[in-house]
Amino acid sequence: MKQKACKICKDKFDPLRPLQMVCSPKCGMEYTKQQKTKQWQKEKKVIKEKLKSKSDYKEDLQKEINRIIKYIDKNVNCISSNRPLSDKRNSGHIYAVGGNDTIRFNLNNIYNQSISDNKDKGGCPLEAMQGIKNTYGIEQYELVLSLKAKYTYLGLTIDDLKEKIVIARQIVKELTKADLTYPSLVRIELRKKYNERIGIYK
């Protein structure tokens, strides 16, 4: 049999059996330990998934939605202050998640924002709305104003949320691969396009 590299110490050795992975009993014990740890990690992931609540799935979807916004608004200034943003930035909701669950995933309700404005200053909604008007025009401004009245019921089941998470993750992959900076009109078109593709807001 051909020599192999030990899975633990990486030394070359002559295997006695076709499926032998390690060169010595000592490495064998370590290999067994590592395999048990890997198996437990897999089992733990399954257990955690089974224990997830609807709120947990909403949070998972929100993370992906926020990532979509960070890529759509890449290299764009803070929506409320118009200051340049570092890599540490938030996806700021115009209408806060806490009191507006029905539009929390709507891409027209979310824009790149500084951590300071989003978390420390309560989202600066008035300044953010002015930023939308200045950056995207009156039509987008009025669209954002209409969101609360238009979407009064969400009605997503856990299975719906799982489906939307898969779609959102695929969009994130595509945006990551493209890695582009978009002009303002394109950013609005992308919000519309991905809202329709995710299928929550039609």
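This is a predicted model: local features need pLDDT of at least 70, side-chain atom pairs count only at pLDDT 80 or more; totals for chains, interfaces and linings use all residues.
Colleague: Why is D179 called partly exposed?

Modeller: The relative accessible area of D179 is 43%. Buried means under 20%, exposed means over 50%, and partly exposed lies in between, with a 1.4 Å probe and protein chains only. Residues are numbered from 1 along each chain as its sequence is written, and side-chain values use heavy atoms, with hydrogens and water left out.

Colleague: Where does D179 lie, and what is its phi?

Modeller: D179 is in the loop between α6 and α7. Its phi is about 50°, a positive value although D179 is not a glycine. Most residues other than glycine have a negative phi.

Colleague: What makes N82 exposed or buried?

Modeller: N82 has a relative accessible area of 53%. The cut-off for exposed is over 50%, so N82 is exposed. N82 sits in the loop between α2 and β3, and its phi is near 65°, again positive in a residue other than glycine.

Colleague: How do you know what counts as a helix or a strand?

Modeller: Both are DSSP runs numbered from the N terminus: a helix is H or I over at least four residues, and a strand is E over at least two.

Colleague: What makes α2 roughly parallel to α6?

Modeller: Two packed helices are described by the angle between their axes and the distance between the axes. Axes are lines fitted to C-alpha atoms, for helices over the stretch in contact, and angles run from 0 to 180 degrees between N-to-C directions. The axes of α2 (residues 54-72) and α6 come within 9 Å and cross at roughly 20°. That angle makes the pair roughly parallel. The classes are under 35 degrees for roughly parallel, over 145 for roughly antiparallel, 65 to 115 for roughly perpendicular, and oblique for the rest.

Colleague: Which residues make the contact of α2 with α6?

Modeller: Contact means heavy atoms within 4.5 Å. On the α2 side the residues include Y57, L61, I68 and I72, and on the α6 side they include I158, L161, I165 and L175. By class, the contact has 12 nonpolar, 1 polar and 8 charged residues. Ala, Val, Leu, Ile, Met, Phe, Trp, Tyr, Cys and Pro count as nonpolar, Asp, Glu, Lys and Arg as charged, and the others, Gly among them, as polar.

Colleague: Why is Y57 called buried?

Modeller: Y57, in helix α2, has a relative accessible area of 4%. That is under 20%, so Y57 is buried. Leaving aside neighbours within four places in sequence, Y57 is in contact with E49, K52, I158, L161, K162 and I165. Of these, K162 is 105 residues from Y57 in sequence and 7.0 Å away in space, C-alpha to C-alpha.

Colleague: How do α6 and α7 cross?

Modeller: The axes of α6 (residues 158-178) and α7 (residues 184-198) come within 9 Å and cross at roughly 145°. K164, I167, Q170, I171, E174 and L175 of α6 meet Y194, R197 and I198 of α7. That contact has 5 nonpolar, 1 polar and 3 charged residues.

Colleague: Why is K192 called partly exposed?

Modeller: K192, in helix α7, has a relative accessible area of 47%. This value lies between 20% and 50%, so K192 is partly exposed.

Colleague: How do you know that β3 and β4 pair?

Modeller: Two strands pair if DSSP finds at least two bridges between them. Here 4 bridges join β3 (residues 90-93) to β4, and the strands run antiparallel. Four bridges meet the requirement of at least two, so the strands pair. In one place H93 stands opposite I110, and G92 has Y111 as its bridge partner.

Colleague: What covers the faces of these strands, and which residues are buried?

Modeller: In a regular strand the side chains alternate between the two faces of the sheet. Both faces of β4 (residues 110-113) are covered, with I110 and N112 on one side and Y111 and Q113 on the other, all buried. Both faces of β3 are covered as well: N90 and G92 on one side and S91 and H93 on the other are all buried.
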